[in-house]
Amino acid sequence: MRLSRYFLPVLKETPAEAQIVSHRYMLRAGMIKQASAGIYSWLPLGYKVLRKIEDIIHDEQRRAGHIPMLMPTIQSADLWRESGRYDAYGAEMLRITDRHDRDMLYTPTAEELITDIFRANVSSYRDLPLTMYQIQWKFRDEIRPRFGVMRGREFYMKDGYNFDLTKEDALHAYNRHLVSYLRTYERMGLQAIPMRADSGPIGGDDTHEFLVLAETGESEVFYDSEITELKFGDRAIDYDNVEQCQAVLEEFTSRYARTDETHDEAVFNQVPEARRRTARGIEVGQIFYFGTKYSEAMGATVSDKDGNQVPVHMGSHGIGVSRLLGAIIEASHDDRGIIWPEGVTPFHCGIVNLKTGDAEADAACEKIHAALIALGLDPLYDDTNERAGAKFATMDLIGLPWRITVGPRGLKNGVVELTSRRTGESEELPPEAAVAKIAEIYGVA
Ligand code: ATP
Ligand code: MG
């Protein structure tokens with residue numbers, strides 16, 4: 001992509017309304033624009049990252065055997081009356097009346113609708129287990145929308161729902177989700193720690209929240225520092241293997257890690273003092289097992305092996321897709337801008353032409369740009385007439401992990417410069433070698 005043809009409305013000034021770094025950088029980098037309180041337009045750069053995050057989630061859900069689908073954002077109130085949540089949800093639910101005076105609402109989550117789909121179509125234990133999920137916009141009329149996409153009113157969420165015959169099966173689904181979420185966040189360059197949490201209006205017995213440690217997080221968290229040394233890595237996992245999933249869950253949840261809602265000072269004090277940490281965290285996901293709460297209320301039953309009608313055991317699982325952009329930036333930035341992890345970067349690398357208009361520099365940039373595209377990569381080529389300093393500032397702000405800098409002086413010696421956004425380290429090498437290195441980094445060599 002040529003920057004001269006792209007839509008990247010970067011701001012020089014720091015917007016006064018933005019209190020935290022991720023919100024400031026998302027506005028300054030032209031990723032989002034507020035449409036009204038807690039509601040944002042996703043400008044091209046922000047939308048690209050949103051899509052990358054979504055792709056990783058779909059990929060990891062597929063690995064875990066979960067089935068993608070899509071439900072509407074506007075739902076009838078009737079289903080929510082059946083579960084009792086139409087009244088219980090309170091002011092956070094955006095209620096809408098249609099032209100026939102029917103009560104509708106903008107979905108804050110979708111347990112009711114998926115349960116309705118289930119009960120209309122599944123009647124036998126033979127069709128279980130079943131896990132379906134969607135990535136869809138949600139609306140919660142938050143009393144205090146703030147911090148940009150971190151606490152929006154309209155936000156993008158992955159929500160998944162499992163249906164199982166027995167509690168044991170549903171707990172396996174729970175464990176499977178925990179494992180797949182660990183992988184999902186790691187691919188985004190994030191450490192998200194599963195912490196025992198409180199179930200809130202979703203209801204249920206078992207629940208973990210995934211928290212990214214950050215000073216600007218809204219939750220207070222307490223944990224054993226050993227937990228931050230755990231990595232899921234690229235270990236092979238068989239999601240159907242009950243023991244294997246259980247073992248991973250135990251590995252990642254046996255140490256103390258809780259939010260303030262479930263914190264227990266006495267238990268915490270049993271952790272050796274040197275390892276006890278109190279910090280702040282951003283909730284980027286949550287998993288629940290809630291048993292037969294919705295299936296009983298809404299008559300979602302199946303016949304078991306003996307022909308008895310039994311309510312199914314369920315759980316639900318959410319990832320804050322749009323919030324993740326904020327969380328990743330909070331976890332990965334410096335005073336010049338964002339530093340995207342390779343897994344979610346909007347462009348794989350930047351190409352900076354130090355002297356646009358210089359025939360040799362232009363030709364070298366074009367060639368690098370074309371070579372990267374031919375490899376299936378997505379570079380951003382700054383072909384504008386800005387000064388070099390301004391070009392660097394923009395690249396640093398938008399946070400592409402790699403930059404190839406091309407200028408007449410280097411080209412005289414047959415070299416360009418390859419710079420890591422994270423470390424700031426540069427090396428000079430021939431243009432073809434720079435392209436090869438980028439290809440290697442992204443595994444397309
Ligand atoms: P919170 O406690 O932050 O209000 P929640 O526990 O009510 O969130 P869930 O129902 O667990 O939220 O939703 C799943 C995920 O959706 C959360 O883990 C969070 O990452 C994200 N999320 C929830 N509310 C918002 C919001 N207002 N803006 C952006 N993301 C949100
Ligand atoms: Mg939650």
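Let's start with D101, which sits in the loop that runs between β5 (94–97) and β6 (103–106). Keep in mind that everything here comes from a predicted model. D101 isn't a glycine, yet its phi is positive, at about 65°. Why call D101 exposed rather than buried? Its relative accessible area is 64%, and the cut-off for exposed is over 50%.

F147 has a positive phi too, about 60°, and again the residue is not a glycine. You'll find F147 in the loop between β7 and β8 (154–164). F147 is buried, with a relative accessible area of 12%. P129 belongs to the loop between α5 (111–121) and β7 (130–139). What makes these spots worth a look? Most residues other than glycine have a negative phi, and most peptide bonds are trans.

E283 is partly exposed, with a relative accessible area of 25%, whereas Q286 is buried at 11%.

## Salt bridges

How many salt bridges does the structure hold? The count is 30. One of them pairs D59 with R63, with 3.8 Å between the closest N and O atoms. Both residues are in helix α2 (residues 44–63), four residues apart, which is about one turn of the helix. R63 is partly exposed, with a relative accessible area of 41%.

Next, the side chains of E82 and R119 meet in a salt bridge at 2.7 Å, N to O. E82 is in helix α3 (residues 77–83) and R119 is in helix α5, so this pair ties together parts 37 residues apart in sequence. E82 is partly exposed at 38% relative accessible area, and R119 is also partly exposed, at 27%. R421 and D396 form a salt bridge as well, at 3.8 Å from N to O. Here R421 comes from the loop between β22 (416–420) and β23 (426–429) and D396 from helix α12, so the pair links parts that are 25 residues apart in sequence. Both R421 and D396 are buried. Finally, D59, E60, R62, R63, R183 and R187 are joined into one network by salt bridges that share partners.

## Tucked-in helices

Helix α10 (residues 321–331) is largely enclosed by the rest of the structure, because 10 of its 11 residues are buried. Among the buried ones are V321, R323, L325, I328 and E330.

The C-alpha atoms of T394 and L8 are separated by 9.7 Å, although the two residues are 386 residues apart along the chain.

## A negative patch on the surface

Which residues gather in a patch of negative charge on the surface? They are D198, E220, D260 and E261. D260 lies in the loop between β12 (257–259) and α8 (265–268). D260 is partly exposed, with a relative accessible area of 41%.

Definitions and conventions:
Residues numbered from 1 in each chain as written. Chains lettered and ligands numbered in written order. Predicted model: local features only at pLDDT ≥ 70, side-chain atom pairs only at ≥ 80, totals over all residues. Heavy atoms only, no water. Patch = residues over 30% accessible without salt bridge, like charges linked within 9 Å, V, L, I, M, F, W, Y side chains within 5 Å. Areas by Shrake-Rupley, 256 points an atom, 1.4 Å probe, with all protein chains shown as cover. Salt bridge = Lys/Arg side-chain N within 4 Å of Asp/Glu carboxyl O. Lys, Arg positive; Asp, Glu negative; His and termini not counted. Charge placed at Lys NZ, Arg CZ, Asp CG, Glu CD. Helix = DSSP H or I, 4+ residues; strand = E, 2+ residues; numbered from the N terminus. Buried < 20%, exposed > 50% of the residue type's maximum accessible area, 1.4 Å probe, protein only.
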